[in-house]
Amino acid sequence: MTRPIVSVAMSVYNAEPYLAAAIESILNQTFKDFEFIIIDDGSTDNSLKTLQKYAAQDQRIRLTSRENRGIPQTRNEILAQSQGEFIAVMDADDIALPDRLARQVDFLQKHPEVVWVGGAFEVIDEKSRFLTTFYMAEDNDTIQHILTEGHTSFLHSTAMIRRSSLLQINGYNEAFATGSDLDLWLRLTEIGAVANLAFPVVKYRLHTRSITSRSRQHHQQSNTRTILERAWQRRGWPKRDFETIGSRLHPQANHQSQFEYMLQYGWWAFNSRQRSTAVIYGIRAIKMNPFSQLGWKLLACSIIKPLPKG
């Protein structure tokens, strides 16, 4: 058997409501020369049943199920199983746009100096309602600067990475339960160039599991400090202060943070000309804080204000 050009890597843990859409978005890609390696990381819902159904229908799917070990360990297991020249990361609750693989393979084949390519992404909610599009820095120098400051310049589920490069740096660092993505990006930038495509390649889903707990946020900040200090040391740079900023996408578990994000999602939808979705988030914001004028303003604008020009 000839090796596939792409190995699509999916780690699954309790993603049942969104799993079918994620799998089908890969199986329906315009690019066909891939293997689809999936590990069920100890799901306690019906994710495994969904995976088994699709694995029985498409021989490109290679499915493993075992106890929960965490994302870095699972991604390393997938790397060990993979045969493709390129590894395409796919999250179990996102949706790949139809030509994602084709466009990223084409880019990497034309740019041998690039070890990792991501892209812009659309943001959707739990019902697949469109909210906004995020465009990331595209050139290597800008991305590297952003990363070494501890800020995000990639969405991991947009990643296509050269398998040889991942093997060269020994994959994901399993010591970091949170922050392993940043650590991987920094180590990859030390062996080659990186890039983002100027157009969306996935739909990134926000849902209730997107909420970040205070303890997780603290742990992630601590890991970020360790990861950056190690990267600076490898580069021969002195230690320095860095700015820790919260996620632009994920609220914290407290009521105020979730209220503020309902407003943000609503205004994203309104500015994206999604009036009905903006109304939904205006109502949600009012239910969370009926005495704040901000929710009422969002709702009123969503109903009567002219939409921004497309």
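## Loop residues with positive phi

R273 lies in the loop between α9 (255-271) and α10, helices being DSSP runs of H or I of at least four residues, numbered from the N terminus. R273 has a positive phi of about 65 degrees although it is not a glycine. Its relative accessible area of 42% makes R273 partly exposed, the class between buried (under 20%) and exposed (over 50%), with a 1.4 Å probe and protein chains only.

The loop between α6 (163-168) and α7 (180-188) holds N170. N170, also not a glycine, has a positive phi near 65 degrees; it is exposed, at 65% relative accessible area.

## Basis of the model

The model is predicted; local features need pLDDT of at least 70, side-chain atom pairs count only at pLDDT 80 or more, and totals for chains, interfaces and linings use all residues. Residues are numbered from 1 along each chain as its sequence is written, and side-chain values use heavy atoms, without hydrogens and water.

## Packing of α10 and α11

The axes of α10 (residues 275-288) and α11 (residues 293-304) come within 8 Å and cross at roughly 160 degrees. Axes are lines fitted to C-alpha atoms over the stretch in contact, with angles from 0 to 180 degrees between N-to-C directions. The two helices are therefore roughly antiparallel, the term for angles over 145 degrees.

## Strand β1

In β1 (residues 6-12), 7 of 7 residues are buried. V6, V8, M10 and V12 on one side and S7, A9 and S11 on the other are all buried. Strands are DSSP runs of E of at least two residues.

Technical notes. Parallel < 35°, antiparallel > 145°, perpendicular 65-115°, else oblique.
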